[in-house]
Amino acid sequence: MLRLLLAFLLTLAAPGLAGAQGAMTAMKAKDLVRARLVSESEALVPGRTVTLGLHMAMKPGWHVYWRNPGDSGLPPEMAWRLPEGFTVGPVQWPVPERIRVQTLINFGYEGAVTLLVPLAVPESARAGETVRLSGTLSYLVCEEICIPGSAELSLDLPVAASAEPASGQAALFARARAALPEALPKAAPGSYRATREGDRLVLHLERPGLAGVTDAAFFPYAEGALDNAAPQDLAIDAAGLHLTLTPGDAGQLPEALAGVLALTEDGARKAYALGPEPAPAPTTAAAVPASPQAPPAAEAPPAPEEESLTLWSAAGLALVGGLLLNLMPCVFPVLSIKVLSLVRQAGESATRVRLHGLAYTAGVLASFLGLAGLLIALKAGGAGIGWGFQLQSPVVVALLAYGLFAMGLSLSGAVHLGGGIVGLGDGLTRRAGYQGSFFTGVLATLVATPCTAPFMGAAVGFALTQSPLAALTVFASLGLGLALPFLGLTLVPQALRLLPRPGAWMDVLKGALAFPVYATVAWLVWVLAQQVGPNGLLAGLTGLVLVALAAWAWERARGAGRLGTGFGRVAALTALAAALGLVAVLDGDRATARTALAQGEEAFTQARLDALRREGRTVFVDMTAAWCITCQVNERTVIAREGVQAAFRAGQVVYLKGDWTNQNPEITRLLERHGRSGVPLYLVYRGTSEAQVLPQILTEGIVLAAIGQKDVAAAQ
């Protein structure tokens, strides 16, 4: 039996591991992208600025990404290694193309692209010396699959009193500048504005003489600002151009809408930069001091704190995090049910009880490794996902709610599927009891994914940046931590003697345990309400009714004779099929972006965060999700407390809230930047200083100390 369980465990883990390794090794990124670093000038002049070019030529059919990659992807980033005193400015991005990948719209470049980067040469540079400019270019190149790649680029240039244009590069830089968006011609005030009309946004470019425009596309700077796949409806009148857009998940306000407007006018393509240019992310162009004569070969910018973990320290943190998951409210109902099952089996031989513990552990490990394998494969394919990603799908949320609702009905005695399900019933426990324990472990893993225990964030974030084998090791340690309490109870015979004797009290306890299960179902329905519109929520609730109907029909069929039993079971299966049919349409009724925030909250966008930092403001960033129980507990017991809110007001702290209930690539990027793969993530920015990462379990004192208002709160 255990050999079969082990084989199943390896079968679940193998596809993710093989898929990740295949995506990484079947093709080499360097064969798909040829990258080089070029200079517009033959020499560097002290006190002057020279333009560099990051030139990337892609294999036909493949593409790289713009600064906002759209629905998926990652933009190229250069980690510079520069001599002391040399600094680079923000990348100048050419106008991208809309690239359709099935139902997604990405923004990027095919063929070739040159990203222009200004380099400021210090006055201290000495004529006659040779300077090495170098760095690591990281990128994601995609066709039907995506392959991450990197290139070590370097360029040696002399320092001189004057410089001529570099021979052979004039045409390349001319094409690059021609591909940049132009500044909007200065006209009457209000020539560019955006308004909200119902659930759409309308971008107005008030300029006469645009009758020759036949096509237009708007590329927002902020990820998640628009529904990129939605049509952009163009209208031209005497006043100018009007482009109707669909808001995205970021809740972008019209006045903050900024980006690039590309037009096809009289057969020629033109593009204009509209709105304020967002500041570059702090890690985009971090210069690392180096000696001009002997720069380090491959020195990188300082790594985040999480990246200082080793494999074994990350595995240790994961083990502790898994142990703490047992205390989370999402895991408690299932764990309680399994302990009740163990009481029932206490009269069996110690060997059989141990095998139940091992089967439960195998179910937990198989599920964690399967989930890890899927995460690794999707990450290798360029998907921006993390821990708990499956709960961003309303289909998964609804199915989990239906399964737990059926289990609650069984515990309440409304239906007797052999006395219970997932390890409690005779149908599984008597005929195949070890399978019942195994699938209870699977269920425990599923309901644990909305929770993030202390120590988990750093461990999981580390795992998803390592090799597939290292990542699977960390996830296996996390699963072992979740399974360890129950496993330890079954492996120690002395512990079994502490359990009470089976009796009538078990039926009472079993009925009582149905109510935390129903509470979990209610919470999942609340999560579903954040993800879908009214019609989708009605479909989800109707599915619960159909599950109850199926349970009732199945129970009524028991002992109803051959004809009655057959009819009842057909009716039950039909009701279940109808429920599954309703689930299948939930993705088609996604909820629109949530714009109604509590007083004092603002919707997170990277552009808004950058603007606040430039102003020197203190910012509290809360990355949350409706399905993240840890997030909800922190918000209600700490962040929403009057003491914290008063401190926010006293210190003029801006509270930015990022909702990751549905996929939001801009939030995913921020999580990855701080070595995290899931929520919660709490950051405090004080002016232009780097972010302070707060613990995943908050207290009022932690928040007040981070925003510098602890003394103010104590005085109130």
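In which handedness of crossing does helix 7 pass helix 14? The model considered here is predicted, so that local features need pLDDT of at least 70 and side-chain atom pairs count only at pLDDT 80 or more, while totals for chains, interfaces and linings use all residues. Residues are numbered from 1 along each chain as its sequence is written, and side-chain values use heavy atoms, with hydrogens and water left out.

Helix 7 passes helix 14 in a right-handed crossing, the near helix being turned clockwise from the far one by less than a right angle. The axes of helix 7 (residues 394-412) and helix 14 (residues 561-584) come within 9 Å and cross at roughly 155 degrees, which makes the two helices roughly antiparallel, a term for angles over 145 degrees. Helix 7 contributes V395, A398, L399 and Y402 to the contact (heavy atoms within 4.5 Å), and helix 14 contributes A579, L580 and V583. By class, this contact has seven nonpolar, no polar and no charged residues.

Elsewhere, strand 8 (residues 112-120) runs antiparallel to strand 2 (residues 49-58), to which nine bridges join it; two strands pair if DSSP finds at least two bridges between them. Within this pairing, L54 stands opposite L115 in strand 8. Strand 8 is also joined by two bridges to strand 5 (residues 87-88), again antiparallel, with T87 opposite A120.

Helix 17 is followed by Q652, whose phi is positive, near 50 degrees.

Terms used: Helix = DSSP H or I, 4+ residues; strand = E, 2+ residues; numbered from the N terminus. Axes fitted to C-alpha atoms, helices over the stretch in contact; angles between N-to-C directions. Parallel < 35°, antiparallel > 145°, perpendicular 65-115°, else oblique. Nonpolar A, V, L, I, M, F, W, Y, C, P; charged D, E, K, R; others polar.
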